[in-house]
Structure formats: structure tokens, C-alpha cells
Amino acid sequence: MTEETLFSKIIDKTLPSDMVYQDDLVTAFRDINPAAPTHILIVPNRVIPTVDDIEDSDELAMGRMLRVARDLARQENIAEDGYRLIINCRDHGRQEVPHLHMHLVGGKDLGFMLRRES
Ligand code: 5GP
């Protein structure tokens, strides 16, 4: 049996969300605590806890996530100015929800991605 996560409850609509896209492999919904004017989470429907848990058979879903990101960015009118796609993994990546998800963030200048070490 597949374990349930916060996001799997959003995917099966047990929990409400502002869902913007769903197909047989992935679901996208607006982040509840947005970091920018556009902040959408794109998640595989199958519960994959982290990037480290991706299996070879998930390749199609992983590609779909990127294709959906491209389409949603166009829909949100942020494609031309640009945006950032982020996937956090485990503790050092500060991943909070153990269901792989890609953040699509844009609608403003996001600054540099990481502080340099020196
Ligand atoms: P992480 O830190 O794991 O990469 O990102 C988790 C994201 O999920 C955060 O940006 C957080 O705001 C978002 N989030 C947490 N709980 C919920 C929820 O119940 N609904 C929605 N739509 N987003 C959530």
C-alpha cells in the first residue's frame, strides 16, 4: 500500500487546494505560503518521498513535471521574464514535505539563488 502524505491528500482531493493542473502522472497546486507572486508546486501523483527515491520507471513523470512547469509558466505570464524551479531534498536541502515536489516560483526578480561560501 502506498503511504499517504499531505500532498497525496491534495492530489486525491481529500484536502482542499488551489489546484491548477492534474493529469495521470502529476498534479500542480498553488503553495499555501507563497514566496513570490507565482508559487506553484508540481508533484508526481505517485508518492516518491525525495529525489533520492526516484526509480527508473518514474522517468516519464519526472519529464512531465518539467513540461507542466513550462506550460504553467506560460499560463502565468512569467515565461518571458523568467522564473526558478526548485526541488529540495532531505535535511540539507530543507525539504519539509516528504513527497517530491518542484516549486515553480516567479513574477518578480528572485535574486541570486544561493549565498556564496566566500
Ligand atoms: P519544501 O520545503 O518541502 O520544499 O516545500 C514545502 C512547501 O509546501 C512549502 O513551500 C509550503 O508552503 C507548502 N505547503 C505546506 N503545506 C501545504 C498545504 O497544506 N497546502 C499547500 N498548497 N502548500 C503547502
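For these legends, a residue is near a molecule when one of its heavy atoms lies within 4 Å of it. The model is predicted: local features need pLDDT of at least 70, side-chain atom pairs count only at pLDDT 80 or more, and totals for chains, interfaces and linings use all residues. Numbering starts from 1 along each chain as its sequence is written, and side-chain values use heavy atoms, with hydrogens and water left out.

**View 1. The shell around the ligand.** Here 16 residues surround the ligand, and the closest are Asp-31, Asn-88, Glu-96, His-101 and His-103. Sorted by class, the shell has seven nonpolar, five polar and four charged residues (Ala, Val, Leu, Ile, Met, Phe, Trp, Tyr, Cys and Pro count as nonpolar, Asp, Glu, Lys and Arg as charged, and the others, Gly among them, as polar). Helix 1 gives the most to this shell, with three residues; helices (H or I, at least four residues) and strands (E, at least two) are DSSP runs numbered from the N terminus.

View 2. A backbone N or O atom of Glu-96 sits 2.6 Å from a ligand oxygen, and one of Val-97 is 3.0 Å from an oxygen atom of the ligand. On the nitrogen side, a ligand nitrogen lies 2.9 Å from a polar backbone atom of Arg-30. The protein covers 84% of the 520 Å² of accessible area that the ligand has on its own (Shrake-Rupley method, 1.4 Å probe).

**View 3. The hairpin of strands 1 and 2.** Strand 1 (residues 19-22) and strand 2 run antiparallel, joined by three bridges; two strands pair if DSSP finds at least two bridges between them. The two strands form a hairpin with three residues between them. Look across the pair and you'll find Tyr-21 standing opposite Ala-28 in strand 2.

Definitions and conventions: Polar contact = N/O pair within 3.5 Å; in protein donor to acceptor, adjacent residues only side chain to side chain.
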